[in-house]
Amino acid sequence: MKSPPARNRRADALRSRAAILDAATQVLNVDPDASLEAIAGAAGVTRPTVYAHFPSREKLLLAVVERITDEALAAMDAVDLSAGTATETLLRMIDASAHVTERYPVLLRMISAQPVSAETDRDRHLPVADRIRQVIEQGQQAGEFDDRLPVDWLVASTISLGHTASTEQDAGRLPATVARDVLHASLLRLLGAAEPADAPASRPSPPAANARVSGG
């Protein structure tokens, strides 16, 4: 039995949309000024097809952000919340998200430079914040984390520290391994948590506050 024409058209549209998002993610991560024609060519579709799915460049960028966010959320969700302490879980979750976002440095820098409202920025971070909040609440209930500070403050500070670590790494002021260790140390101090039992026996010493690790 042949599939109905409408179903075939829907499947073709979904494949075209996925191809455009794949191409946009790859092309813009190399050249943030790439044209829609270049993205269409990389996707194997025409420019009108791109516009049929994404009426403007801004709409396409929003869809790319959603795709990367979904990828990061999937990585965070793959972390077993029942394996280990809340401290270990939070650090693994942060690392899992970072492994995704660090694959798109050029693209994410371009996106972060786009002006957005406070409401849009809050909505963009809400799924990540919800997952972090769950672990922080578990840590406070278990006595691992300082419960004198509001959960929302700890969640917002955790996200901000993650952004700062990424910024310093992208700017060449911190190597990736040092940025990770500095972020972990900062989070442990923020939360009033002890070093997790599975931490490496020795870590590279973080640079002095006024040191320039590389570049810049």
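Tutor: Helix 8 (151–170) gives the lining of the largest pocket its largest share, nine residues. Helices here are DSSP runs of H or I with at least four residues, numbered from the N terminus. This is a predicted model, where local features need pLDDT of at least 70 and side-chain atom pairs pLDDT 80 or more, while totals for chains, interfaces and linings use all residues. Residues are numbered from 1 along each chain, and side-chain values use heavy atoms, without hydrogens and water.

Student: What is a pocket, and which residues are closest to the centre of the largest pocket?

Tutor: Rolling a probe the size of a water molecule over the atoms shows where empty space is left. On a 1 Å grid over the protein atoms alone, a pocket is an open set of points where a 1.4 Å probe fits, with protein on both sides within 12 Å along at least five of seven lines; lining residues have an atom within 4 Å of a point. Here 38 residues line the largest pocket, and T101, L108, G162, H163 and S166 are the closest to its centre.

Student: Which residues touch the most other members of the largest nonpolar core?

Tutor: In soluble globular proteins, nonpolar side chains tend to be buried together. A nonpolar core joins buried Ala, Val, Leu, Ile, Met, Phe, Trp, Tyr and Cys residues through side-chain atoms within 4.5 Å; buried means under 20% relative accessible area with a 1.4 Å probe, protein chains only. In the largest core, of 26 residues, these are I20, L28, I39, L60, V64 and L107. Helix 4 supplies the largest share of this core, seven residues.

Student: What does L107 touch?

Tutor: Leaving out residues up to four places away in sequence, L107 touches T25, L28, N29, V64 and I68, contact being heavy atoms within 4.5 Å.

Notes. Buried means under 20% relative accessible area, exposed over 50%, partly exposed in between (1.4 Å probe, protein chains only). Helices (H or I, at least four residues) and strands (E, at least two) are DSSP runs, numbered from the N terminus.
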